[in-house]
Amino acid sequence: FQPFPFDCQLVFGRLEMEEVLSEERKEAAARFERTMQLAKRAAGFDGEIPAYLAVLHADGDRMGAAISALTTPEAHRAFSERLARFASEAGRIVAQHNGALIYSGGDDVLAFLPLDTALACADALRRQFDQIVNGPSAKEDGVTLSVGLAIGHYGEHLQELVQWSRDAEKTAKNAGRNALAVALHTRSGGGEPVTVTASWKSNPIERWQRWITWHREDRFPDGA
């Protein structure tokens with residue numbers, strides 16, 4: 001905090017110069033804002049940085065049953081090694097989607113992601129989980145990955161954002177597991193979020209990406 005006594009408002013260009021800041025601190029903040037503008041121009045980005053982000057929480061399904069079915073020490077070790085490999089791959093996948101991995105332990109993943117990559121990241125994680133943990137000879141009743149995505153404003157309390165992602169993941173599990181739940185929390189909406197849930201078997205990403213494309217092409221009103 002000593003070298004950077006500001007919050008993320010600086011990134012959004014909405015810094016309110018508080019009287020408690022010294023002139024030196026105010027100048028430091030102003031320099032940062034100017035640098036941000038230069039960086040945006042260099043990147044060819046002339047719009048506002050989105051004020052909403054996605055928090056992803058993923059958790060394996062039926063892990064207890066899978067572990068109970070292991071009958072030898074060798075099988076337990078092999079299963080643990082596959083989980084460790086997925087945990088490592090999860091970090092790589094999140095980075096590929098411009099996200100920030102908070103933790104990845106076995107079948108449990110928590111990450112922050114930009115909105116335009118969050119769905120693809122969730123899909124990549126569940127595919128990698130299936131490929132690594134179940135393997136090529138996976139049975140129909142193999143383990144699966146349920147994912148919750150909570151969309152919230154950057155100004156919300158961090159603890160709230162993380163809890164919303166966990167709530168979304170529970171919604172996915174309650175829908176029958178092996179599912180994706182996306183919960184939108186708007187600052188003006190209040191109360192319960194708008195949540196959609198779909199089984200991974202129905203390939204929701206392809207369907208939702210089609211709607212996103214139509215929205216960008218102004219094929220239907222924003223309010224739809």
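This is a predicted model: local features need pLDDT of at least 70, side-chain atom pairs count only at pLDDT 80 or more; totals for chains, interfaces and linings use all residues.
Helix H6 (204-216) gives the most to the lining of the largest pocket, with six residues. Helices (H or I, at least four residues) and strands (E, at least two) are here DSSP runs, numbered from the N terminus. Strand E1 (52-61), helix H4 (115-134), strand E4 (144-153), E5 and E6 also each supply at least two residues of that lining. A pocket is taken on a 1 Å grid over the protein atoms alone, as an open set of points where a 1.4 Å probe fits, with protein on both sides within 12 Å along at least five of seven lines; lining residues have an atom within 4 Å of a point.

Residues are numbered from 1 along each chain as its sequence is written, and side-chain values use heavy atoms, with hydrogens and water left out.

To continue with the pocket: its volume is about 1,000 Å³, counted as the space filled by probe spheres set on grid points that are joined across faces, edges and corners. Of the 24 lining residues, Leu 119, Ile 151, Trp 208, Ile 212 and His 215 lie nearest the centre.

Let me turn to the fold. The protein chain has six helices and six strands, and from the N terminus on its elements run α-β-α-α-β-β-α-β-α-β-β-α. The six strands form an open sheet with mixed pairing, in the order E2-E3-E1-E4-E5-E6; two strands pair if DSSP finds at least two bridges between them. E2 and E6 stand at the edges with a single partner strand each, so one side of each is left without a neighbour in the sheet. On average, neighbouring strands are turned by 10° against each other, direction ignored.

At one end of that order, E2 (residues 100-105) and E3 (residues 108-113) run antiparallel and are joined by five bridges. Ala 100 has Phe 112 as its bridge partner in E3, and Leu 101 has Ala 111. Two residues separate the strands of this hairpin, and Gly 106 takes a positive phi near 65°. E3 is also joined to E1, in the antiparallel sense, by six bridges. Five of the six residues of E3 are buried, that is, under 20% relative accessible area with a 1.4 Å probe, protein chains only; exposed is over 50%, and partly exposed lies in between.

E4 and E5, by contrast, pair in the parallel sense over five bridges, with Leu 180 in E5 as the bridge partner of Val 147. H4 packs on the sheet, touching E1, E3, E4 and E5, and its direction makes about 165° with that of E4. Contact means heavy atoms within 4.5 Å; axes are lines fitted to C-alpha atoms, for helices over the stretch in contact, and angles run from 0 to 180 degrees between N-to-C directions.

Finally, His 185 lies in the loop between E5 (179-184) and E6 (194-199). At 10% relative accessibility, His 185 counts as buried. The residues it touches, leaving aside those up to four places away in sequence, are Tyr 52, Ile 151, Gly 152, His 153, Trp 164 and Pro 193.
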